[in-house]
Amino acid sequence: MAVRVNQFADWKQQGQPVAVLTAWDYMSGQMADQAGADMILVGDSLAMVALGYNNTLPLTLDDMLHHAKAVRRGVKHALLAVDLPFLSFQISEAEAMRSAGRLLKEAGAQAVKLEGGYPRMAATIQRLVEAGIPVVGHVGLTPQSVNQVGGFQKQGKSPEAADRILQEAIAIEKAGAFAIVLEHIPSKLAKTITATLSITTIGIGAGQFCDGQVLVTADVLGLSDWQPPFAKRYAELRNQGIQAAKAFCDEVRSLQFPE
Ligand code: KIV
């Protein structure tokens with residue numbers, strides 16, 4: 001049975017952990033889906049993973065649509081959520097509606113994710129949810145604010161910063177999001193947020209006390225040439241890929257390529 005948004009509340013109540021992986025094209029979507037991920041996120045991390053940018057800011061809505069459509073064709077079981085890229089939702093609620101609407105209508109997304117929990121963003125989330133668009137929030141380290149934050153460091157370390165993130169998470173729940181990503185915050189804070197909220201918390205670099213975990217699939221597979229310190233590699237496919245490609249080149253050059 002394909003995963004639906006309303007299952008997340010049941011899983012939270014039952015204490016059933018949620019596994020989320022990212023995808024950026026047909027094959028990565030298919031692999032994550034066949035591995036049994038509950039949710040597949042076409043994250044804007046694809047700006048780095050698939051497009052070679054230094055951060056997520058250059059990614060456009062059209063870029064995202066192109067990738068999300070390919071992932072959609074590979075995903076049969078998991079819930080498909082797609083990130084709203086930088087400046088496709090911050091300008092106004094109307095802009096957010098238009099952008100999110102395109103992700104649902106053109107790419108077959110079943111939910112959108114957007115960064116930030118400050119009051120105006122909570123109002124945007126409420127507007128999207130009222131229009132029937134399921135939303136995943138995202139607080140803590142929000143990579144689209146890299147220039148303001150000054151890097152990708154852990155957030156919420158002081159009591160004041162921790163309280164602000166907790167309040168943002170509460171506002172996002174009140175606005176109607178069905179899940180929230182907690183990125184790169186202290187495990188203790190993630191535990192408090194998870195105990196406070198009735199919606200699903202999905203951690204990345206936020207310790208074990210979340211309702212679920214997400215990782216960037218390129219990191220999981222060991223494909224990335226850089227990854228954050230909290231991302232565990234479960235394979236070394238980059239090295240294997242280079243070795244395989246090198247073996248091919250060697251065979252061709254030494255006239256060993258089979259008939
Ligand atoms: O873009 C992304 O891949 C994300 C995850 C890190 C949660 O937002």
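Here is a quick tour of the ligand site and a handful of residues in this structure.

The model is predicted, so a few ground rules apply: local features need pLDDT of at least 70, side-chain atom pairs count only at pLDDT 80 or more, and totals for chains, interfaces and linings use all residues. Residues are numbered from 1 along each chain as its sequence is written, and side-chain values use heavy atoms, with hydrogens and water left out.

**The ligand and its surroundings**

- The ligand takes up the space of the largest pocket. A pocket, worked out on a 1 Å grid over the protein atoms alone, is an open set of points where a 1.4 Å probe fits, with protein on both sides within 12 Å along at least five of seven lines. A molecule sits in a pocket if more than half of its atoms lie within 2 Å of its grid points.

- In the side chain of Ser45, an N or O atom is 2.5 Å from an oxygen atom of the ligand.
- For Lys113, the distance from a side-chain N or O atom to a ligand oxygen is 2.9 Å, and for Asp44 it is 3.0 Å.
- On its own the ligand would expose 260 Å², and the protein buries 94% of that. Accessible areas come from the Shrake-Rupley method with a 1.4 Å probe; for residues, only the protein chains shown count as cover.

**Buried residues**

- Buried means under 20% relative accessible area, exposed means over 50%, and partly exposed is in between (1.4 Å probe, protein chains only).
- His138 sits in strand 5 (residues 135–140) and is buried because its relative accessible area is 3%. Helices (H or I, at least four residues) and strands (E, at least two) are DSSP runs, numbered from the N terminus.
- Thr217 belongs to helix 10 (residues 217–220) and counts as buried because its relative accessibility is 5%. A polar atom of the Thr217 side chain lies 2.5 Å from the backbone oxygen of Thr22.
- Gln144 is in the loop between strand 5 and helix 7 (146–149), and it is buried, with a relative accessible area of 5%. Its C-alpha atom is 6.2 Å from that of Thr56, though the two are 88 residues apart along the chain.

- Met31 is part of helix 2 (residues 26–34) and counts as partly exposed, at 43% relative accessibility.
- Leu87 has a positive phi of about 65 degrees although it is not a glycine. You'll find Leu87 in the loop between strand 3 (79–83) and helix 5 (93–107).
- Leu255 also isn't a glycine, and its phi is positive, near 55 degrees. Leu255 counts as exposed because its relative accessibility is 76%.

Definitions and conventions: A polar contact is a pair of N or O atoms within 3.5 Å; within protein, one must be able to donate a hydrogen and the other to accept it, and residues adjacent in sequence count only if both atoms are side-chain atoms. On a 1 Å grid over the protein atoms alone, a cavity is a set of points where a 1.4 Å probe fits but cannot get out, and a pocket is an open set with protein on both sides within 12 Å along at least five of seven lines; lining residues have an atom within 4 Å of a point.
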